[in-house]
Structures are given as C-alpha cells and as structure tokens.
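Visitor: Could you walk me through this protein, please? I would like to go from the overall picture to single residues.

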Amino acid sequence: MKILAIDIAGFGKWQNKKIDFSEKNQLIYGKNEAGKSTIYQFIQAILFGFPTKGKKRKSYVPKNGGSYGGRLWLEHAVYGKVQIERFRELNKGQAKVYVEEQVGDERLLAKILHPLTKELFQSVFTFQQEQLTQLERLEEENLQTALLALGISGSDQLLKTREEYFKAAQDIYKLKGSRPQLNERLKAYQELSEKIRAKENEEEQFTAVLTDLAARKEQIENKRLTLGKQKEALALAEKQLLNYPLFEEWLQLQQKSGDTSMFIDENEQQQLLSLYQEHKFLQEELERLNRSGWESVGDERSDEYLFYLNEEENIRYFLSQRYTMNKLLAEIDWMKQSVQQNRQEMIGLENKWGWSETQPPRLFFEDHQLLELREQIIERKVQLQTAQENHRSLEESIVRQEKNLETFEAANQELFQRKQPKRQRSTSALLLLSVVIGIAGVLGGLLLTGPLSWGSWLLVLVCLCFFGWQLLRPKNDPNDRMKQQWQQKLTDLDQLTERFHQVSESIDRLQEDELQLESYISQQTKENHLGRMNRLEYWMNHKEEIKRYLLLLQTNQELRRQLADNQEESDQWLKQTERYVNWLPIVGKDLGTRVAILSDFSDEMEQLRLRQGNQEDIYRKQALKEIKSKQQDVLETARPLLYQYQILGIEDVPEKLRYYQQNETVESRKAELQRILAGLYPEQVAKEQLLTKKYQLTAELSQLEDDIFKLQKDEQRLEYKKKQMAEDGSLDNFYQEQAVIRAEIEDLAAEWSSYRLAGQLLIDLLTELSEQQLPALLKKTAHYFSILTDHAYTVVRLEEEELQVRNSSGQDFAVYDLSTGTKDQLIMSVRFAFLSLQGETNPCPVLIDDGWLHYDSQRKTQLAKLFQHFGEVQQIICFSSDQEMVSYYHENKQPVIQLEVEKR
C-alpha cells in the first residue's frame, strides 16, 4: 500500500492544501512550526478517524470554522486506486471510500487496510527518536523479547500485559499463600467440609432418609412422565371418539362402488349445459310452431295485436332470456331453502348452548392450551388434597399435643404454683439470720477488746463465708428438669401450630387459585359468548359444535349476500314487465308467472298473425326449417363432448351432469375428511374398542394420580422427618454455605486459569515469534548496519547470549562498546530489518520524524542512502527541519517537498 496524495480541506493550520507523494522515498522539509506533524496527524486521521477531544490534547479543528477533514488517495495491491474522504460535518465523521465504481464505508476501509490498525501504524511504521533508545542491553533473552515487542507494537506493551496477567493471577491464588481470595476460599471450604462430615457422622440415619427421599422424588417424576403419556393417549382416544362420525362417513364414501375416476371440466360442463338449454329452447319453439299451425284463425283482437306489433322486438328479446331468468329463480329458491335448513340447525345449537346469531360464540382456545389448563387443574387438585390431608394430620397432632400438655400440667400442679417452696423459705431465713449475726459481730468487734473482739470478728468471717456460699452455690432444684420438659412440649406445640398455619395458608391459596380459575372460565365464557358452554370439559368435547355453528353462520351470511344480489337482478327483470300491466294480467304476479303470461300472449299473437293469410304460413314453415337447422348445428357442436363423457343423447345431459357433480362432491368430501382425519386413525378401529380404550386409560390415569398422591404423602413424611433430624438447621446451613463457597471457588478458579492461560499464551507467542524471526532479523540487520556505517561493520550476531558486531577488520565489539551514534545506527538497522521482514504481510508506508538526533554528517549521508535503498521496495515519507538532510536528498536525486505556510 502506498500513499499517492492528500487534499487537506481544513486541518490545524492547513487549509486547501494538496500534496502529491512519490511512490518511493521522499523528504517533507519545513522549519519548526511549519506543519509537518499536522500532515502526519492528518494522514492518521483520514485512515483511522479524527482524534478525540481532550484537555491536554491538541485540537486540529480549523479556527475559522471551515470544513474539518479532507481526502487521501492510496494505491493498493488488491483494490487498486482507492480514495478515502472524511469530513467531521458529514456522516458524523465517518469515512467514505471510493474504489472504482464502488462506494463504501468504514467496514470497507477496515477491509482494505487489514491487518493495519491505528496502534500498528503508530508503533511500527512510525519512527520517532524516543523509540530508538529503548534497546539498552541487547543480550539474547532481552533481545528476543525487546525486538519482538519493538517489531510488533513498537513498545513493551505485550510484556507489560503478560506481567499484568501473572500479577492478577497471583492476586487470586498462590501455591503457598494464605491471603489471596482463592486460598482463603479453599481453606474455608476444607474446614466446612470437615464440619459437614462430622455432622453427617453424628446423624447416621440422615443419609438413609435423604436416599429414601431421593428415591420417592424419582418415583414421583417417573409416575408424572407416565401420567403425561397416559394423558396424551387419553386425549387421542377422546379425539378419535369425537371425530368417529366423520371416520364412519369416510368409510362409507370409500365403499361406494360408483366410478369416481372421471370428472367433467367446468368449462366443458358449462358448454354442454348451454348447448342443452339451446336445444331445449329450439325444441319448445318447434313444438309451439307446430301447435300454432292447427289452431283456428278467427279471433279479432286488433288492439292487442297492434300493441304486440309495437312491442314485438322488446317481447322477443325478453322471452329470449327465459333460460337465464329460470336459472336465476331456481338459484333463489335453492338459496332460500339452504338458509332455512342452516337456520334450523343453528336454532338447535342455540337452544342447546344459549347462543345467538347477533353475538356468536368465539373459538378463542387451542387444544394444547386446554390440555395445559387441565393438567394445571389436576395438579392443583392433587396439591389441595395433599395439603388437606396434612392439615388434618397436623390438627390431630396439635390436639394430641395439647392433651399431653394438659396431662403434664395436671400431674405437676405444684410446679406452677406461685407460693415459694419450704426449702426456699428456710434458706432465706438462714440468710437473714447470718446477716443479723454478722452485723452484731461487727458491732462487737468495734466495741469489745481483747479475745472477745477477736471472737466477734471471727464470727463475722464465718457469717460472710456462709452468706457467700449460699449465694454462689448451684441451685439444684429437682423441678428444673420437669420445667425443661414442659418448655420442650410448648416448643413442639408452637412448631406444630406454625406448620398448621402454613398448611392452612397453602390451602387458602390453592382454594383462591380455584376461585380465580372459575372466575377466569366464567369471564372467558361471557367475553366469548359461549352461553351454557361454561365448563372446561365442554370446551374440550364440544369444540366442533362451535366450529359448526360458526360455519353455518358464515355460510348463511354468504348465502344472504348472494340472495340479495340475485333478488336485485330478479327485480330488474321484473321492472321490465311493468310496461305491460295495462295489456296483460300480471299485476301482483312474480317473475316466473309474468314470463309464462307474456310467453302465452306472444304465442297467441303469433297465431293471430298466421291467420292473416298464406304469407304467415310461409313464414311458419321457414321458421320451422330454420329451427331444425339450428337443432342440427347444436347436435353437431355437442357430439364430441357427448362422445367424450359417454352421454347417449343431448336430452341426457342434465342427468349425466348431476352424476358427475355427485362424484365430484364425493371426492371433495373424501379429501376434506382425509385432511381432517390425517394421522388420527392409523388403522381401522371400532367405536366400542375406542370406548373400552378410553375407560381403560381413565382408570389407569386415576390409579396413577392416586399413586402420585400416596408418593407425595410419603415424600412429605420424609421431608418432615428430615426437618426433625436437622432441627438445628446447621447441616442445611452448612450445605448452603458449601454451595456458595464452591460457586465462589469455581468463579475464582476460572478467573485465575484465564489469567494464567493468557499469560502463558503471550509467553509462547513471544518465544515462538522471536525464535522464528531472530536469525533472519540479524541477517537483515547486518545488511542495513553495513549501509549505515559505510561498510565499517559487516556482521551482527549473538555470541554467548550477547549481541555483538564485527567491523571490516574482523574485530568484535559489544553493544556497550559502541558510541551513541553507532548504537542509534544499530537500532535503526534493527527497525528497518523488521520492516523488511514484515513488508510482505503488512505493507504500509514508513513515516520518519527526525530520527537521527545523534548522527553526524557522515552518518546522515549513509542514512539518506539507506532511505533511498529501502524506498525501492517500500514507500518512505520523512519529516524533517534539517537543512543538511535536504542537501543529501538532492545529491541522491530524491524528491523533496518544501512546506510553506499559506497566508490566510
């Protein structure tokens, strides 16, 4: 990758500044404060984003408020010529990338620059003076780690990260430590485990109870799994029974012997029906003309005949639509009958469940929802029965305990009397007497002299000893043990009472849940207009009736809509006959009657026309001939279809069409039933077998529920026994504390292992990469060091874990023997050697900012030659204010870009 040019719209002190770069080596020269560093920061900002604002960071936002950003052109080995454009005020500072006709964003830019990152760009491909002084003691181990760190990141960041990982791991755990968290937790876990083992040894039966309790829980779980399977089987049997009428209907349709292999195409059916109607109409016309030829011709109906002649064309057109009108009337009659039949069936369902057509029931539930709700009800009933049984058992235990306590108190009445016992009263008298004697002894000792005084003081001492002995001696009251027994009985009664209240609350809660469920069912019944279908069993067993009612309702709605359309069309035909009410008796008649009356009137007028002379007879004969010709045309047109569908004559078309329609209905119904019953009846089964299976499954289900109930009672008994055995709660607390400590140990161990693994991976990475790169790195270093020193030093090698160089005379020198300038040249050679090795995988321009502080003129000359040599394979952009370097670049015919700040 090479930078071709930059166009600075506004960045720091630069505005509207464009610079074209050479693809090889070049020098950007400018005095101090000329803007060299600004150009470097601009390149970095375009590639990796604008620098963030900070109190101690330099801001490059233009002072005059103009555009902030610009463009940069690259030459990439894969993508070709790439233009990168970035402006702070556009797209929130995001880059826009142009690659030929393609326009991309930050993701495309990252893909183009990969594996180059901002950190890699700053630390590897940017040379600054402080980076060239980091290699102080170049021994083998230090050289490997330092060179790797310098080559990969330009700093010792990897080494610092490795040390941070190891330090974090030691803060968590040390092999012989005691203060780290993991050490403390392990010690606490060990101490707690010893306490648990001691407690478990004290309670020998506790493990047996736990084993029995675990066995009961496993048995309950297995029973519940079996119960679930039985419920599924029972639900399947109930569904099979519910749909058995449909299954029988499907069997009957299967057994029909009719030939259902042939079906008639709908278009060809309409064509046959149309040809039949036309043939029928022609036949009727033929019969009418034949009849009219034999009637008398003596009527004198001139007014009616004159009216007929005036309306002849309209009457003929109206009568030509007789087939359409008759078909429309037949459809209206059929729809009315269908609506009435459906309504009768709906009335039966409405009377049964209390439904109404204005507020039809809604099917708001699914099968799986009902099964889940039913399972919850059964489980709640089991829990309620268990709680009620526990409630009765605890109530009996409380009654027994109260009777036991009353018996104990009756047997030890003197224990609860408030009078002081005789022994206690005698002891109090002795104490009072000793006090009186002691006071008298004190008075005697003060008033008397000689042996009597000493005797008085001795008496005082004896009284004090007796008083102290009476106060300090233990009171071994024989009633203490009885009081302890009474207190224990009271404690047991309190525990039973507390457990009784807990079970009572559980029963109240379960009963409240039952009431909420009943309220939910009642609410759903009301909201979904289910009427008397107010039980869960009705929802499960009569769901199809809801579907049937909704289907009938929807069908009637559609039929009424079509009936209204057909009735409107019939009314339109009826309006066309209103013009004949003054001549024909059609007032109050329906459309069919009016058509018949108008047809008879037309026939009479035609007969009257024929009586007028021979011309009418000739017309009749011509009409008969035309009708017969049309009949023959109709038969010729219908013959292929009659032969195809095996119809003997055109008169048999309606009957044959009904036969085919019946077959289609049967097949459609069979397909519908197969879709409904898919997977429900894997084999043929009788209804009696399904009933037997249902009763068997119901009995097994009831037995399983009883078994679960008994196991749950046994489980509760073991739980109560377990609670009694661990009454002090110490073992449960130990277990809980052990679980908490174990979780903390697992978390700390995972954190410790992650830090150790990360640190070890970094060590392996450092070792592996340094061992791979070191030989080639030393070879390239020697080559570039020879160029910089004008072949004064030709070899760079490791000798006894120390880096040494050899001059042209064959003398070896350690790094610390070299001068500061030569040492800088060696470090510069190492950096260029690494870039040479990494150039194939990480191609990027090298940016150097005055990296020759300790160079004299000769060294600068050689450094310029190295830049020229290296620039043949990788682009180099130097920033410098050194006029001497400018002259060396001119001597080597290398491009120099002079920076001059534009006047604003």
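Guide: Gladly! A word we need first: a residue counts as buried when its relative accessible area is under 20%. Please keep in mind that this is a predicted model.

Visitor: What share of the residues in the protein is buried?
Guide: The protein has 904 residues. With the cut-off of under 20% relative accessible area, the buried share comes to 40%.

Visitor: And how many helices and strands does the protein have?
Guide: Let's look at the secondary structure of the protein. It comes to 25 helices and 14 strands.

Visitor: Which residues have the most contacts inside the largest nonpolar core?
Guide: That core has 67 residues. Its largest share, 7 residues, comes from helix 1, which covers residues 36–48. The residues with the most contacts inside the core are Ile-6, Ile-43, Phe-832 and Phe-867.

Visitor: How many residues are in the second, separate core?
Guide: Among its members are Ile-315, Leu-328, Ile-332 and Leu-608. The size of this second core is 24 residues.

Visitor: Back to Phe-867: what does it touch, not counting residues up to four places away in sequence?
Guide: One partner, Phe-832, is also listed among the residues with the most contacts inside the largest core. Phe-867 touches Phe-832 along with Asn-25, Ile-848, Trp-852, Ile-876, Cys-878, Met-885 and Tyr-889.

Visitor: Is Ala-623 buried or exposed?
Guide: Ala-623 is found in helix 19, residues 614–644. Its relative accessibility is 13%, and the cut-off for buried is under 20%. Therefore Ala-623 counts as buried.

Visitor: How far apart in space are Ala-623 and Glu-285, C-alpha to C-alpha?
Guide: In sequence, Ala-623 and Glu-285 are 338 residues apart. In space, their C-alpha to C-alpha distance is 9.3 Å.

Visitor: Is Thr-781 buried or exposed, and what is its relative accessible area?
Guide: Thr-781 has its place in helix 22, residues 730–788. Leaving aside neighbours within four places in sequence, Thr-781 is in contact with Val-796, Leu-826, Ser-829, Val-830 and Ala-833. Thr-781 is buried, with a relative accessible area of 2%.

Note on methods
Residues are numbered from 1 along each chain as its sequence is written. This is a predicted model: local features need pLDDT of at least 70, side-chain atom pairs count only at pLDDT 80 or more; totals for chains, interfaces and linings use all residues. Side-chain values use heavy atoms; hydrogens and water are left out. A nonpolar core is a set of buried Ala, Val, Leu, Ile, Met, Phe, Trp, Tyr and Cys residues joined through side-chain atoms within 4.5 Å. Buried means under 20% relative accessible area, exposed over 50%, partly exposed in between (1.4 Å probe, protein chains only). Helices (H or I, at least four residues) and strands (E, at least two) are DSSP runs, numbered from the N terminus. Contact means heavy atoms within 4.5 Å.
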